[in-house]
Amino acid sequence: MNKSESPIISVKGVTKRFGSFTALQDISLDIRPGEIFALLGPSGCGKSTLLRIIAGLETATEGTVAIDGQDMTGIPANKRPVNMVFQSYAVFPHMSVADNVAYGLKLERRPAAEIREKVAEALAQVHLSDFAHRKPDQLSGGQRQRVALARALVKRPKVLLLDEPLSALDAKLRDAMRLELVKLQESVGVSFVIVTHDQSEALAMADRIAVLKDGVLRQLDSPAALYKRPVDRFVADFIGSINMFAVTGRRAEGGDAARLETAELGAIAVPAAHLPAAGKGALTLAVRPERVKVGAKAQKEAQGEGGLVSVAGRLGDVAFQGNSSIVEVLLEGGGSLSALVSEAEADHLMQAESGSPITAWWALDDMLILPENATAA
Ligand SMILES: Nc1ncnc2c1ncn2[C@@H]1O[C@H](COP(=O)(O)OP(=O)(O)O)[C@@H](O)[C@H]1O
Ligand SMILES: [Mg+2]
């Protein structure tokens, strides 16, 4: 499916108030045909509310939702070309798999031949054709989840809306089902909108992710762009792990540079072009652990023109993670930072006593300078 065609869902200026509480604030976003789109953010940020407004289970206080170019204002949930898959994966235990899938169509009194055909197709889509006559208690957790998906797909929606689809599963099954959902989406071709509070789930599954905080859309981007170019401190902190240092003072340096003061790193001169263009509030310097090198002294490698940031500290804990380790560096200016190092580097570092002097460094180009909130004016 061509992902550049016009949006399958277009949310414009949606605000939702419950009494005096604002659950969503002026949300605008487009969802493309054939993509997996994640709504990501901490519990209570408004993800489910936005999904329910798209589904027609909740009414926006302001703004509009269009699906496939059609304004959905006033159109009830059961008349919208979307289908919701609920968190609990409720399947009827006394009905066979096929009867579970047929249930919605039977309620609509569709002809028997049509029901048979559509059920067979939906079961084939989720690879459960051979399980049509089983009862749900004769299925694994993952298979039961596929029954729930088939029940939604049998209505042939243009978009499937999934609210925390994996949260009821245990950790191991959850990882397997991530992949399976992605494969299923690829083979079915309809857009999925997935609500999750789990950033690793969103990164692993989604083509694009909308990060919400307190009802405000903070950033909408691909997983890689969110990770590499978070727009503010909140997004950087929420996606992956990152070292952060509060900027306590700032002054203009000679030429086209600024001098940023931090307690942990001292003063660092940065090109003015690195300073955030938007947002408000205190600045934060941030660097991902895999960008930090550690050793006896900073070495300038082929790291571009930007120069290095280096900081003296002492060796702290080394946490083994299999093929890599997290090294803690206790900084002389207070606080600590984490560096992700290879197994070989960790072995080498661990020949030194805990507490021995050590230097951490990274390329200036790898350091992010983030506002507190890029959307705040
Ligand atoms: N029907 C409602 N009445 C009042 N407040 C609600 C209602 N539904 C949701 N909220 C509030 O709106 C906020 C967002 O809720 P929700 O969309 O469920 O968050 P999320 O799915 O991101 O965890 C929460 O503070 C929640 O308490
Ligand atoms: Mg929710």
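Mentor: Let us begin with the fold as a whole: 65% of the contacts in the protein with a separation of 6 or more are between residues 24 or more positions apart, two residues being in contact if their C-beta atoms, placed from the backbone, lie within 7 Å. This is a predicted model, in which local features need pLDDT of at least 70 and side-chain atom pairs count only at pLDDT 80 or more, while totals for chains, interfaces and linings use all residues. Residues are numbered from 1 along each chain as its sequence is written, and chains are lettered from A and ligands numbered from 1 in the order in which they are written.

Trainee: What makes Gln185 count as buried?

Mentor: A residue is buried if 20 or more other C-beta atoms lie within 10 Å of its own, exposed if 12 or fewer, and partly exposed in between, with C-beta atoms placed from the backbone. Gln185 has 21 C-beta neighbours inside 10 Å and therefore counts as buried. The residue sits in helix α5 (residues 171-188), where helices (H or I, at least four residues) and strands (E, at least two) are DSSP runs numbered from the N terminus. Leaving aside neighbours within four places in sequence, Gln185 is in contact with Ile36 and Phe192, and its C-alpha atom is separated by 8.3 Å from that of Glu35, 150 residues apart along the chain.

Trainee: Why is Arg109 called exposed, and why is His127 called partly exposed?

Mentor: Arg109, in the loop between α2 and α3, has 7 other C-beta atoms within 10 Å and is therefore exposed. His127, in the loop between α3 and α4, has 15 other C-beta atoms within 10 Å, so this residue is partly exposed. Phi is positive in Arg109, near 55°, and also in His127, at about 60°. Most residues other than glycine have a negative phi.

Trainee: How do you know that the length of helix α3 agrees with its number of residues?

Mentor: The expected span of a helix is 1.5 Å times one less than its number of residues. For the 14 residues of α3 (residues 112-125) this should come to 20 Å, and the end C-alpha atoms are 20 Å apart, so the two agree.

Trainee: Which residues of α3 are buried, and how do you know that they are on the same side?

Mentor: Ile115, Val119, Ala122 and Leu123 are buried in α3. They cover an arc of only 95° around the axis, which puts them on the same side of the helix, the arc being that of the directions from the helix axis to the C-beta atoms. An α-helix has 3.6 residues a turn, so residues three or four places apart point the same way. The face of α3 turned away from the buried side carries the exposed residues Ala113, Glu114, Glu117 and Ala124, whereas the cover over the buried residues includes α2 (97-107) and α4 (141-153).
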